Amino acid sequence: MNDTRDAVEEEQPIGELTTRTMAMPADTNASGDIFGGWVVSQMDIAAGIAASQCAMERVVTVAIDSMTFIRPVKVGDVMCVYSNVLRVGRTSVTLAIEAWALRHRFGYREKVTNAQFTFVAVDDNGKPIVISEEQRAKYNKA
C-alpha cells in the first residue's frame with residue numbers, strides 16, 4: 001500500500017451510516033465520473049432521513065452549505081453517506097453530511113464529499129412547525 005492510501009484509510013467517517021447506494025453507469029457525466037448532481041441527491045436523501053428521524057416530523061431541505069467535492073466517485077463504487085446532527089432549532093435541523101466511496105464495491109474507503117444541510121419541519125401544507133422540546137433536548141445536550 002502507498003502512503004496516500006494509508007493516510008486516506010486512517011481518516012474515519014463522522015456520524016451514523018444513513019444510506020448506501022452503488023454508483024452505476026447511468027449516473028456518469030461526460031467525463032465518465034459519477035455526476036455531481038447524483039452525489040448531492042444521495043446526500044440530500046440521507047440528510048432528509050436523518051433530519052426527519054431527529055425532528056419526528058416531515059422535513060424539507062432549506063439550505064446546503066459548505067459543499068466540498070474532494071474526490072470523484074467512480075462506477076461500481078458504493079456511496080456510503082454518514083449523517084451527524086449538529087443542532088436542532090425551534091423548527092430546523094442542521095446536519096453535517098459526509099459521503100464516502102467504498103472503492104470497487106469492496107475496496108478501501110475514501111471521503112469524496114462533505115456538506116452541511118439544513119431542514120425545516122413542516123406540516124401537510126408546507127408551513128413550518130415547531131419541533132417538540134423533547135426531540136430538541138435529545139440532540140442539544142450542552
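How many bridges pair strand E4 with E5, and in which sense, parallel or antiparallel?

1. **Ground rules.** This is a predicted model, where local features need pLDDT of at least 70, side-chain atom pairs count only at pLDDT 80 or more, and totals for chains, interfaces and linings use all residues. Residues are numbered from 1 along each chain as its sequence is written, and side-chain values use heavy atoms, with hydrogens and water left out.

2. **The E4/E5 pair.** To settle the opening question: strand E4 (residues 92-102) and E5 pair over 11 bridges in the antiparallel sense. Strands here are DSSP E runs of at least two residues, helices are H or I runs of at least four, and both are numbered from the N terminus; two strands pair if DSSP finds at least two bridges between them. E4 and E5 make a hairpin with 6 residues between them, and His104 in the turn has a positive phi of about 55°.

3. **The whole sheet.** The 5 strands form an open, antiparallel sheet, ordered E1-E3-E4-E5-E2. E1 and E2 are at the edges with a single partner strand each, so one side of each has no neighbour in the sheet. On average, neighbouring strands are turned by 25° against each other, direction ignored (axes are lines fitted to C-alpha atoms, for helices over the stretch in contact, and angles run from 0 to 180 degrees between N-to-C directions). H2 packs on this sheet, touching E1, E2, E3, E4 and E5, and its direction makes about 50° with that of E5.

4. **E5 from both sides.** Strand E2 (residues 59-69) is joined to E5 by 8 bridges, running antiparallel. In strand E5 (residues 109-121), 10 of the 13 residues are buried, so the strand is largely enclosed by the rest of the structure (buried means under 20% relative accessible area, exposed over 50%, partly exposed in between, with a 1.4 Å probe and protein chains only).

5. Thr21 has Met79 in E3 as its bridge partner.

6. **Arg136.** Arg136 sits in helix H3 (residues 133-139). Is Arg136 buried or exposed? It counts as buried, at 18% relative accessibility. Leaving aside neighbours within four places in sequence, Arg136 is in contact with Val88, Gly89, Arg90, Val130 and Ile131 (contact means heavy atoms within 4.5 Å).
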